[in-house]
Amino acid sequence: MIGSLGLDILQKLWWLIASLVGSLFLFLTFVQGGQTLLPFLARSPEEKSLIVNSLGRKWELTFTTLVLFGGALFAAFPLFYATSFGGAYWVWLAILFTFVIQAVSYEYRRKPGNLLGTATYDLFLLVNGSLGILLIGAAVGTFFTGANFTLNAYNLVAWTHPLRGLEAAFNPFNVSLGLFLVFVARLQGALYLLNNLDCTAPAMKALEGRCRRAAFGNLLFALPFLLFVLFRLLTMDGLAVDAAGRVSVEAGKYLHNLMAMPLVALLLLAGLVLVVAGVALARFGASRRGIWLAGPGVVLTGLAVFCLAGLNHTPFYPSLADPAKSLTIANASSSLYTLTAMTYVALAVPLVVGYIAYVWRLMDRKKLGPADLEEAELY
Amino acid sequence: MLVDNIDLAMVNWARAQFALTAMFHWVFVPLTLGLSFLVAFFESLYVRTGNPEWKRITRFWMSLFGINFAIGVATGIILEFEFGTNWSNYSWMVGDIFGAPLAVEGIFAFFIEATFFAVMFFGWDRVSKGFHLLSTWLVAIGSNLSALWILVANGWMQYPVGMAFNPDKARFEMQSFWEVLFSPVAVSKFTHATTSSFQLAALFVVGVSSWFLLTGRHHTLAKRSILVASVFGLLSSGFVAFTGDEAAFTDARVQPMKLAAFEGLYQGERGAGLTAIGILNPAKAPADDQDPFLVAVKVPGLLSLLANREPGSFVPGIRDLIYGNPAEGIVGIDQKIGRGRQAVSALAAYTAATAAGEAAGRAAALTAFQQHQDFFGYGFLASPEQAVPPVALTFYAFHVMVALGAFFPVLFLLFLVWTMKDTIAGKHWLLRLGVISIFLGYLASQAGWIVAEVGRQPWAIQNLLPVTVARSNLTAGAVQTTFFLFLALFGLLFLAEIRIMLRRIAQGPASF
C-alpha cells in the first residue's frame, strides 16, 4: 500500500512524522525545564538529589528524540538539513554545545574525581535547559521569520548574514518563541516532578507545594510570550508557493493557513487548553497527573505550529535573501524511493513508542522517594 | 560551477575537526559495544546460578560501562550534526541515501539503548530479575544495532551502490535500499568493527582485572572476569582476523588505491609480497624510481593471496592506478580526470539549458553527462597525484593494527590457560602485559579507522565526491574556531572521564 503513495502525499506524511517527533521532543523537554528549576525547587541536598535522579532517568529519551528529529529531517528533507545546518552554523553549534555538556553532566556530577566539581555540571544542566531551549525556539522561529540563505543552481547553500544563524536570536518573534518554550519546559518539568516523586512522605510536602506553584508561575511567565507569538503569527506576512513553484508574499498567510486547515486550528486550541488544564489541575486540585494533560497539550500545540509552517503551500524555510529559493516540503524532500522506504521503516514507530510507554510505567510504578537515595547508582 | 572556489584551508580544518570528533567518539564506542555484551554475560551467569558474587561482578563492570556510555552519547550527537554543519554540500548531494540509515539508527537502535539503559541501571529493585536481564541484553543489542546502521552509512561512502545521479536536482538518489544495506563493504565494515570492539572490551576487562591481581585485591572478581573476557576475546579475535581478511579482499576490488597505500605498494606486480615490517622512504614520490622502502621484510606472494585469493595474481600499485597500466587493463587517473571534467561541464551545460528552457541543448548535455558520469568526482581533482591518500599514515596504521591483531589472541590464550589452571595470580609479567594491552587495544582500534578513513582520501564518496566538494560554504576561520572549541571541550571531558574511571576502578566492587 505504501508503495502506491504519490510523492506529494509522502512529503506531507513525512512533514507530519518529523513534526510529531519534534513535538514529542518539546514534550520531553520537561527534563530541560526541570534542570532549570533545580535552584528554585530544591532546598536541601536530598531534595536536589531526588530531582536530579528523577530527571536523570529520562534525559536520554529527550536526547534521543532530538537526535531522531535531526535524523528524520536529514532523511526526509535533506535540502533543509544541508541548508540550515551548513548555513546557520553558529546557532546550531551553540545548540550542540549545550547538549554535549548535558550528556555527561548527569553521569559525572557527583562521581569522585570528576575534575570540574558538582557545581559546574549543575551549571551545564542549567545552560542546557535555558540557553539550549531558547536557541532551539529561535531556530524553529525561522520557519516563520525566514533565514538568510541563498542556493546556487545546484542547490548548494550560501549564507548571507555574517552571524551565520545567530541573527535569528535577535528577532523578537524568534526570541519570544524561544522564551515561551523555556517556560513551557519549566512548567512541564514541575508537573513531571510532581508526578514522578513520591510526595506521600511528610518531608516531601513542602517540595510538592513548590512544584505546584512553579507549574503555575511558569505558565504565567509563558503567557505574554505566547500571546505575542500568536498575535504576530496571525498578522505577519508569509510566503506562498503556487503549483508551478512560484513564490509570492501573502499578507496574513498563517492566518489563512489556520482557516484553511480547521483541524490544525483545533489542534492548537486543544493543545493550549490541555496545557492550561494540566497546570490548573496541579495548582488548584490535589491531582499529580497534570503532566499527562499538559504533555499531550504541548505535543498537539507543537504539531499545529509545524503544520502551519509547512503545509498548505507554505515554504517552511523562507529565504530572506532570495524568496524564490525558499524551501518547501516539495523541493526539499528526498526522492519518492527514499520516502517510500523510510515509510516502511516508520511502521516500527508505534512499536517503539509502545515499549517506551511500557518501560516507563514499569519503572515509575513505584515513585521516587527518599528511600531510593540509598541506591548504589545515583546521579 | 558546482563549487565556485575550493578553499583548501577550510576543507583541511573541516577534515581535522571531523577526524578529531570521530576519533574521540571512537574512544568510547568500542568499549560500549563489547562491554555491554560482557555485562550481559555476567548477569546471565548471575541469573542462572543465583550467586551474588556474579551480581557484584555485573554491577561493577556496569558502573564502568555507564561512565563510558555517557560520553559516547555526547560525542555521537556531534557527528550527526557535523555532516550538516561542515559537509553541507555532501548532505544535500547524498542525503537522499545517507540520511536514511541515520534515521533508521535513531528509530531502531537509539531508543532501545536509551529506554533499557535506565532499566539496567535503576531497575534492580523495580523490575523482575528476568526483565532486568532482558534489558541488559537489549542495551547490548541496541548498541550494536546502532553500529550496524552507521557502518552501513560508512560502507556506502566507501563503496557507493544502489543509487543513481539525478541531474535535475544535482544529487545522488537511492535506487535500492537492500543494495545499500547488504553491500559487501557494509557487511565487512560492520562485522570487523564490532568484533574488534569486542576484542577491545575483553582487553579492558582482562587489563583492569590484571591490575586487581597485581595489587592483590578482589581476587574472585578478577579471575572470574578474566575467564569470561578471555574466552570472549579469543572468539572475537578469530572473527576479527576473518573479517579483516574479508575487508582487505573487498578493498582490492572497490578501493585498490587504499590497498596499495596501506601496503606501500607503488609498482604493481604478480605474486606481490606482503610487508611484515617496513620503514617507508619519506622521499618517495609516485613518479620516481626510488625504492619505496628503506627497510622491508616481505612475505612472498602473500599480498596477492590476500587481495585476490590467488598467490600469483596481479596487485596494482599506486603508480599503475595513477598513470594506468594497459597491460593489466587499468585506466589511469589522468584519463579519468579528463572524463570527469567532461561530466562536470556537461552537468553545467545541462543545468544552464534547463534554466533557459532549451530542450535540445538539455538533451545533448544529458547524453554527454551520462557518457562520463561514472567519473564525475574525478572532474574536481587538479592532478592525478591528488587521488593518492597519505601513504605513510595509512601504511603504518595498517601494520600496527595487523601486528596487534595477531598479538591479542596469544594474550587471551595465555590468560585463559593460566586462569583455568588457577596460576594466573603468580604470572606478574603477563598481568603487567595485560594492563598495558588496554592501551594497545585502543591503539589498534584507532589505527583501524585511520586505515579506513585516511586510506580513502581524497574521497568523501569513493570516486564520486571529493572532500573538497563535499564541504560547507564556510570560512576556514569559522571551522578553525570550532575545531579548537571542540578540542578544549573534549580535552576537558576526556580528563574528567579518565579520572572518574580510575577512581571507580580503585574503589572496586566494594559498594555493591
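## An exposed arginine and its partner

In this predicted model, Arg270(B) counts as exposed because its relative accessibility is 51%, where exposed means over 50% relative accessible area, buried under 20% and partly exposed in between (1.4 Å probe, protein chains only). Arg270(B) forms a salt bridge with Glu328(B), the closest N and O atoms being 2.9 Å apart; a salt bridge here is a side-chain nitrogen of Lys or Arg within 4 Å of a carboxyl oxygen of Asp or Glu. The pair links distant parts of the chain, 58 residues apart, with Arg270(B) in strand β3 (residues 269–270) and Glu328(B) in the loop between α10 (318–323) and α11 of chain B. Glu328(B) is partly exposed, at 29%.

Residues are numbered from 1 along each chain as its sequence is written, and chains are lettered from A in the order in which they are written. Local features need pLDDT of at least 70 and side-chain atom pairs count only at pLDDT 80 or more, while totals for chains, interfaces and linings use all residues, and side-chain values use heavy atoms, leaving out hydrogens and water.

## Other salt bridges

Over all chains, a search of the whole structure finds 21 salt bridges. One of them joins the side chains of Lys48(A) and Asp122(A) at 2.9 Å, N to O, and this pair connects helix α3 (residues 45–56) with helix α7 (residues 118–145) of chain A, 74 residues apart. Lys48(A) counts as partly exposed at 30% relative accessibility, whereas Asp122(A), at 11%, counts as buried.

## Helix α2 of chain B

Helices (H or I, at least four residues) and strands (E, at least two) are DSSP runs, numbered from the N terminus. Helix α2(B) covers residues 52–85, and its end C-alpha atoms are 49 Å apart, which agrees with the 50 Å that its 34 residues should span at 1.5 Å a residue, the expected span being 1.5 Å times one less than the number of residues. Because 30 of its 34 residues are buried, α2(B) is largely enclosed by the rest of the structure.

## Where chain B meets chain A

In this interface, 84 residues of chain B are in contact with 76 residues of chain A, contact meaning heavy atoms within 4.5 Å. The rule finds one salt bridge across the interface, and the side chains of Asp372(A) and Arg126(B) meet in a salt bridge at 3.1 Å, N to O. To the side of chain B that touches chain A, α3(B) gives the most, with 27 residues.
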